[in-house]
Amino acid sequence: AAARLLGTAAEVVLASGAVLSVLLSAYALWHAHDPDRLRVFAASFFPELRERYTEEIYDSACDIRQARLAAAAGDGSLADLFTLLYELVDGYTVSHFFSFFVVTLATRDPVSTYAISFAHEALEQAWRLSYAPFRECWWDSFGLDIA
């Protein structure tokens, strides 16, 4: 009888969590037009959300970045090239490399690996209007992320 009661209590807790999740999702959808209000609401649970976070913009000054990369590669100076590459590498670069590495280990087929990498990049292109870091230079998108 105690096990049955414990099972019933767990079901009540799970159902309450599901109802709460639906209510919070409905609140977020209702106030989606006002992200500041959502941020204030979320900050009541997570205080670090009180400060506005700005994403880094990757699609600005593409021609300048491309010229700097070409100049650093053309000079033959490895120090300049590594310095520039260090400036360009961030968390997204590491995640692309790690994803490519894991997919390579999982599929062990270069065609499948590149197909999945291309699909991942196509998904990024589909979300570029909604998420600022997905807006990137064409050579970054198709040259560095896929290859």
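Mentor: Let us begin with R108, which counts as exposed because its relative accessibility is 71%, and the cut-off for that class is over 50%. Please bear in mind throughout that the model is predicted.

The backbone of R108 deserves attention: its phi is positive, at about 55°, although the residue is not a glycine. As to its place in the chain, R108 belongs to the loop that joins α5 (91-107) to α6 (110-126). The positive phi of about 55° therefore comes just after α5, at a residue whose relative accessibility of 71% makes it exposed.

With 17 residues at 1.5 Å a residue, α5 should span 24 Å, and because its end C-alpha atoms are 24 Å apart, the expectation and the model agree. For the protein as a whole, the average pLDDT is 78, and 87% of the residues score at least 70.

We may now turn to the overall arrangement. The secondary structure consists of 7 helices and 0 strands, and the elements follow one another from the N terminus as α-α-α-α-α-α-α. Of the 147 residues in the protein, 17% are buried.

Contacts between aromatic rings come next. The protein has 3 aromatic pairs by the rule applied here. In one of them, the rings of Y27 and F41 have centres 4.6 Å apart and planes at 45°, so this pair is tilted. Because Y27 lies in helix α1 (residues 2-30) and F41 in helix α2 (residues 35-43), the pair ties together parts that are 14 residues apart in sequence. Y27 has a relative accessible area of 27% and is therefore partly exposed; F41, at 29% relative accessibility, is also partly exposed. F41 pairs with F45 as well, and that pair is edge-to-face, with 5.5 Å from centre to centre and 80° between the planes. F45 counts as exposed because its relative accessibility is 55%. Together, Y27, F41 and F45 form one aromatic cluster.

A pocket also calls for description. The second largest pocket holds about 190 Å³ of space. Its lining is made up of P35, D36, R39, E48, L49, E51, R52 and Y53. By class, the lining residues comprise 5 charged, 3 nonpolar and no polar ones.

S60 lies in the loop between α2 and α3 (62-75), and its relative accessibility of 39% is the reason why it counts as partly exposed. S60 and E136 are 76 residues apart along the chain, yet their C-alpha atoms are separated by 7.9 Å.

Note on methods. Residues are numbered from 1 along each chain as its sequence is written. This is a predicted model: local features need pLDDT of at least 70, side-chain atom pairs count only at pLDDT 80 or more; totals for chains, interfaces and linings use all residues. Side-chain values use heavy atoms; hydrogens and water are left out. On a 1 Å grid over the protein atoms alone, a cavity is a set of points where a 1.4 Å probe fits but cannot get out, and a pocket is an open set with protein on both sides within 12 Å along at least five of seven lines; lining residues have an atom within 4 Å of a point. Grid points are joined across faces, edges and corners, and a volume is the space filled by probe spheres set on the points. Ala, Val, Leu, Ile, Met, Phe, Trp, Tyr, Cys and Pro count as nonpolar, Asp, Glu, Lys and Arg as charged, and the others, Gly among them, as polar. Rings of Phe, Tyr and Trp (its six-membered ring) pair if their centres lie within 6.5 Å; planes under 30 degrees apart count as stacked, over 60 as edge-to-face and the rest as tilted. Helices (H or I, at least four residues) and strands (E, at least two) are DSSP runs, numbered from the N terminus. Buried means under 20% relative accessible area, exposed over 50%, partly exposed in between (1.4 Å probe, protein chains only). The expected span of a helix is 1.5 Å times one less than its number of residues. pLDDT is the predictor's confidence in each residue, from 0 to 100.
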